[in-house]
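The model comes first, then the contacts.

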Amino acid sequence: MKTLPLLAIAALGAGALWTIAPSLAAETAVNAPRAALVEPVAGHRETAIFAGGCFWGVQGVFSHVKGVVSATSGYAGGKGATAQYEEVSTGTTGHAESVKVVFDPAQVNYADLLRIYFSVVADPTRLNAQGPDHGPQYRSALFPQSPAQAKVAQAYIAQLGAAHVYGRPIVTRIETAQGFFPGESYHQDFMAKNPNYPYIVVNDRPKVEALKRLFPMSWKA
């Protein structure tokens, strides 16, 4: 589904795309509770890495969060030598399509980003799959960039599990990345540049709309 030819953007208009949207279901948003454990604020720049299915939508959501300075699509979990889209798409490289988020912790902390992630970005109960995409490269995973982030992530997953926020067990993994490798230029800001692309309309636009609806105080136009 995600690999539809880019020429389709010009061939299909927004009206036609909205015609097919109701027939396909996007991930269902969940209003997850605030994290009980919050990382102490230190400095004005921090980095976090999230994997939650196709990086187009992950980047699209986080780019609309107040306090986020930048969101970059790329690959994490594997080696640099195989960090290319064609290879990652085979599901054999260890990589997950990921997004590196640089943020100001004085405006939005890591716990807030986790709440948004578990509420609207990814379905944490699906193993190696998100939306119409299947394979380990589409897994739900967190790549903490500090011991403090790892502690907050572990505590929040335990908190969500104990509260039975979801109908199934959480399978989101906490992993150690061997590095983050930015994706190809044509993947960067794909949602912003191609708002009427069929995959975006069906699978990712609802996530951004859910962000605005559930977290209006965090919304950045």
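Predicted model: local features only at pLDDT ≥ 70, side-chain atom pairs only at ≥ 80, totals over all residues.

Residues are numbered from 1 along each chain as its sequence is written, and side-chain values use heavy atoms, with hydrogens and water left out.

The axes of helix 5 and helix 8 (residues 198-214) come within 9 Å and cross at roughly 125°. Helix 5 is therefore oblique to helix 8 (under 35 degrees is roughly parallel, over 145 roughly antiparallel, 65 to 115 roughly perpendicular, the rest oblique). Axes are lines fitted to C-alpha atoms, for helices over the stretch in contact, with angles from 0 to 180 degrees between N-to-C directions.

From helix 5, I116, V120 and V121 meet K207, A210, L211 and L214 of helix 8. Contact means heavy atoms within 4.5 Å. The residues of this contact are six nonpolar, no polar and one charged (Ala, Val, Leu, Ile, Met, Phe, Trp, Tyr, Cys and Pro are nonpolar; Asp, Glu, Lys and Arg charged; the others, Gly among them, polar).

## Helix 5 against helix 3

Helix 3 (residues 55-62) and helix 5 have axes that come within 11 Å and cross at roughly 130°. That makes helix 3 oblique to helix 5. Their crossing is right-handed.

V58, V61 and F62 of helix 3 meet L113, I116, Y117, V120 and V121 of helix 5. By class, this contact has eight nonpolar, no polar and no charged residues.

Six strands form an open sheet in the order 7-6-1-3-2-8, with mixed pairing. Strand 7 (173-174) and strand 8 (180-182) are the edges, each pairing on one side only. Helix 5 (residues 110-121) packs on the sheet and touches strand 1 (46-52), strand 2, strand 3 and strand 6 (140-143). The direction of helix 5 makes about 15° with that of strand 1.

Strand 2 (residues 68-76) pairs with strand 3 (residues 96-103) in the antiparallel sense over eight bridges. Y75 has E97 in strand 3 as its bridge partner. Two strands pair if DSSP finds at least two bridges between them. Helices (H or I, at least four residues) and strands (E, at least two) are DSSP runs, numbered from the N terminus.

## Confidence

Mean pLDDT (the predictor's confidence in each residue, from 0 to 100) is 89 for the protein, and 88% of its residues reach 70 or more. Over residues 4-26, pLDDT stays under 50.

Note on methods: Left-handed = near helix turned anticlockwise from the far one by under 90°.
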